[in-house]
Amino acid sequence: MKSRFTEIRSLWLPGFAFFFTIGLSTLNTTAQAEEPKTTPTFQRILFLGNSITLHGPSKKIGWDGNWGMAASRQDNDYVHLVTRSLAKSTGDTPKMLAKNIATFERQYATFDLKNKLKDAFAFQPDLVILAIGENVPSLKTAEEQAQFQASVGKLLKQLQTDNQPTIIVRSSFWANQMKDEALRKACQKAGGTYVDISSLSKDEKHYARSERDFQHAGVAAHPGDQGMQAIADAILKAVQP
């Protein structure tokens, strides 16, 4: 199967949102009539992320939700926004599995993919959305960056089953050049689509602390409803070109 890599960047300016796509593929210079664009129909969507994807209740940090931190309710986290939008576009509600793999982020070099992500692999998704990076320890050397890239590559390879799922990898909400570059390269090697959301964290409106008060500063630093919507919009732009 021919490898295909696409990169989606989001650029946020006051009052406007622009998206542009860099497609690394052969260009056809012959003028052709544009065909109507249709949204792919996905039956099984797998979200692999961290607390932004799914976090259970924790009194210790004053978090009562059981959804993506720090949306005000389940329907407003990016996982459910993306799933709901795809269902509306296609008229078919997909099955969805969201997993918090923060342990993989922290232990990427030694993490046992086969045994600890059995349910994710058994789910047989046709759309994979990987949203990690925020909990990865600081990558201080090129060697550490290469190790993280290789570990992400192994994860993506394990997910590339016979049904050849569409793969989306987004950059970190809290932008980090070393981590994000490793994610981009791993995505490129897997033939997926890389979604660059690095600009979102530069706008205070995307943080939950701009919407309401929180007991814990760490929770407050997560994306709020506006941030979740922006993340969902960027991912949907990649899925619905």
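Colleague: The charged end of R209 sits over the ring of which residue?
Modeller: Bear in mind that this is a predicted model. The charged end of R209 lies 4.1 Å from the centre of the ring in question, and that ring also belongs to an aromatic cluster with F173 and W174.

Colleague: The charged end of R44 sits over which ring, and how far from its centre?
Modeller: For R44 the ring is that of F123, and the charged end sits over this ring. The distance from the ring centre is 4.5 Å.

Colleague: How are the rings of F47 and Y78 arranged as a pair?
Modeller: A search of the whole structure gives six aromatic pairs. In the pair of F47 and Y78 the ring centres are 5.8 Å apart and the planes meet at 75°, and because an angle over 60 degrees counts as edge-to-face, the arrangement of F47 and Y78 is edge-to-face.

Colleague: Is F47 buried or exposed?
Modeller: F47 lies in strand 3 and Y78 in helix 1, 31 residues apart, so that the pair links distant parts of the chain. The relative accessibility of F47 is 0%, and since the cut-off is under 20%, F47 counts as buried.

Colleague: Which element supplies the largest share of the lining of the second largest pocket?
Modeller: This pocket, with a volume of about 210 Å³, is lined by 13 residues, with Q177 and D180 among those nearest its centre. Strand 1, helix 6 and strand 7 each supply at least two lining residues. The largest share, four residues, comes from helix 6.

Terms used:
Residues are numbered from 1 along each chain as its sequence is written. This is a predicted model: local features need pLDDT of at least 70, side-chain atom pairs count only at pLDDT 80 or more; totals for chains, interfaces and linings use all residues. Side-chain values use heavy atoms; hydrogens and water are left out. On a 1 Å grid over the protein atoms alone, a cavity is a set of points where a 1.4 Å probe fits but cannot get out, and a pocket is an open set with protein on both sides within 12 Å along at least five of seven lines; lining residues have an atom within 4 Å of a point. Grid points are joined across faces, edges and corners, and a volume is the space filled by probe spheres set on the points. Rings of Phe, Tyr and Trp (its six-membered ring) pair if their centres lie within 6.5 Å; planes under 30 degrees apart count as stacked, over 60 as edge-to-face and the rest as tilted. Buried means under 20% relative accessible area, exposed over 50%, partly exposed in between (1.4 Å probe, protein chains only). A charge sits over a ring if NZ of Lys or CZ of Arg is within 6 Å of the ring centre and within 35 degrees of the ring normal.
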